[in-house]
Amino acid sequence: LWPIINAVMGVSVVALIWFGGNLVNEGLLETGKIMAFMTYLMQVLSSLMMAVMMMLGFSRAKVAVDRCAEVLNTEPSINNPESPAMPDNYAVEFDHVNFSYNAADPEYVLKDVSFAVQPGQRVGIIGNTGSGKSTLVSLIPRLYDVSTGAVRIGGVDVRDMDMDALRRHIGVVLQESLLFSGDIESNLRWGGGDCSEEELDRALADAQATEFVSKLPDGIHSVVEQRGKNFSGGQKQRLSIARTFAKNPDILILDDSTSAVDTETEAKLQEALRRRIGKGVTFVIAQRVSAIADADLILVMEDGVIVGQGTHKELIRSNEVYRGIVASQWGEEAIA
């Protein structure tokens, strides 16, 4: 419509000057009348333009409303069960799990994944990029539902549990740490809102963040800019870990959350994790073998399949994929 209206205006003005000019040359019309007619013509065309703009606005608004309605009317694929149950413990079991992001896609991202973890154990997950590590742990807080098989916590299928109650007992720290505008304390309380000052201090200490936080002008009350841009990558990761520690979850998931941390700090973090496990379960996704070498169970993943599981010593002896990863990071002598 917009190009058409501009064309109509241009043609109208040219036609008025052409025919009006001929009439003036023939002495049949005064020049002033042409100018008056031009003024009236522009007023009419301006009103026409306003009408067209309103039509365009209505059409855009209708499309926007239709899109909003489509989102609001979408039924969630993950819902709470009618009679939710809660487990007595937090043992985690994957029972022949297959998963695909698209139900219509026959190609599974995770294929026949099975393992069991007892309370108090730490699980390390390692593998190449795109092997399905993050997808696997996403099934525990039920961010997605399995295609076939079952994920159980304390013997209860996560699909039979109340989602809010389930997620209150799970803490997740991602590789890309996200901090909110405010101060450090408010960020920590996103994880554990009812924590005392002592518990927040302990969370910072276990996350190896006390040293740099104490050097800030206002300490724990120091300002955090949008997305934490006034902190380095390693500092943001440690604050994210502290926020999750403050929640004190029964199931802790660390998704390559120490990638920006130096090895000495990482070793101290691993020691703090061992102290904090208690009766819960910790999943550690890592690219560095040093982060998971002392785990109770190590899962080696490749193309959505667990190609090896066991302790570090067991996998060194029996799994070629794991031996290759260790050799690339620690040298051939580490697997000799």
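Start by selecting Y322, which touches I126, V289, I298, V300, H312, L315 and I316, leaving aside residues up to four places away in sequence; contact here means heavy atoms within 4.5 Å. You are looking at a predicted model, in which local features need pLDDT of at least 70 and side-chain atom pairs count only at pLDDT 80 or more, while totals for chains, interfaces and linings use all residues. Residues are numbered from 1 along each chain as its sequence is written, and side-chain values use heavy atoms, with hydrogens and water left out.

Now widen the selection. Y322 belongs to the largest nonpolar core, a group of 41 residues, and is among those with the most contacts inside it, along with I126, I184, L204, L239 and I298. A nonpolar core is a set of buried Ala, Val, Leu, Ile, Met, Phe, Trp, Tyr and Cys residues joined through side-chain atoms within 4.5 Å; buried means under 20% relative accessible area, exposed over 50%, and partly exposed in between (1.4 Å probe, protein chains only). Helix α8 gives the most to this core, five residues. A second, separate core has 32 residues, including V137, V146, L166 and I251.

Next, show α8, residues 233–247, and pick out T244. Helices (H or I, at least four residues) and strands (E, at least two) are DSSP runs numbered from the N terminus. T244 is buried, at a relative accessible area of 7%. Beyond residues up to four places away in sequence, T244 touches G171, V172, V173, P249 and L252.

Move on to the open sheet, whose four strands come in the order β2-β1-β4-β5 with antiparallel pairing. At its edges stand β2 (110–117) and β5 (156–157), each with a single partner strand, so one side of each has no neighbour in the sheet. Two strands pair if DSSP finds at least two bridges between them.

- β1 (residues 92–99) and β2 share five bridges; E93 stands opposite A116 in β2.
- β1 and β4 are joined by five bridges; the partner of N98 in β4 is T148.
- β4 (residues 148–153) and β5 are joined by two bridges; R152 stands opposite D157 in β5.

Finish with helices α1 (residues 2–25) and α2 (residues 31–72), whose axes come within 11 Å and cross at roughly 170 degrees. The axes are lines fitted to C-alpha atoms over the stretch in contact, with angles running from 0 to 180 degrees between N-to-C directions. The two helices are therefore roughly antiparallel, a label for angles over 145 degrees. Select W2, I5 and M9, among others in α1, and F37, L45 and M53, among others in α2, to see residues of this contact.

Key:
Parallel < 35°, antiparallel > 145°, perpendicular 65-115°, else oblique.
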